[in-house]
Amino acid sequence: SNTQMAKSAPTDPNIAPPKPVAAPNENEYNEKIMKINKDIEAAEKRLEEINAGLQQIKDARALQDSDVKTLKNELSTIRGSVSRLTKERDDLGDELKKASDDLKSQESIADRLRNGVPFRSETDLDEELKRLSAALEAGTLDLRTEK
């Protein structure tokens, strides 16, 4: 069928013959090529600027990441110190509570012992001894007190 078309195409009155192709203008072509090359150079220059900017951002981010890492390490160290100091404080609080409890216990024992002794001071005891000695010499003590 292709061969039939080829044979029938030139004889078909509805088909116009092809227009002649104009010869290319070399100067116009060279100007367009130069303009495109300039556009490419400008785009490449802009691409280099963008890449340089990206590299600066990457470098800044790397430095920032380094700073963040340093700060995280410092924070970790500080948290460890706070934890250690908190434990020490709690341990000291426990020791203080134990010492306070021991003191209260000793005060309680001392109070019970004091309450068992009728004399508050040596002077009171000396005065009672003098009174008892005088009563003994006078013979006014009952037998129970005398023993």
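The legends below describe close-up views of a predicted model.

Residues are numbered from 1 along each chain as its sequence is written, and side-chain values use heavy atoms, with hydrogens and water left out. Local features need pLDDT of at least 70, side-chain atom pairs count only at pLDDT 80 or more, and totals for chains, interfaces and linings use all residues.

**View 1. Confidence along the protein chain.** The mean pLDDT (the predictor's confidence in each residue, from 0 to 100) is 85, and 88% of the residues score at least 70. Confidence is lowest in helix α1 (residues 2-8), with a mean of 49, and highest in α2, with a mean of 93; helices are DSSP runs of H or I, at least four residues, numbered from the N terminus.

**View 2. The salt bridge between K87 and D91.** The closest N and O atoms of this pair are 3.1 Å apart, a salt bridge being a side-chain nitrogen of Lys or Arg within 4 Å of a carboxyl oxygen of Asp or Glu. Both residues lie in helix α2, 4 residues apart, about one turn of the helix. K87 is exposed at 51% relative accessible area, whereas D91 is partly exposed at 33% (buried means under 20%, exposed over 50%, partly exposed in between, with a 1.4 Å probe and protein chains only).

**View 3. The salt bridge between R131 and E128.** In helix α3 (residues 122-138), these residues are 3 apart, about one turn of the helix, and their closest N and O atoms are 2.5 Å apart. R131 is partly exposed, with a relative accessible area of 47%, and E128 also counts as partly exposed, at 22%.

Notes: Helix = DSSP H or I, 4+ residues; strand = E, 2+ residues; numbered from the N terminus.
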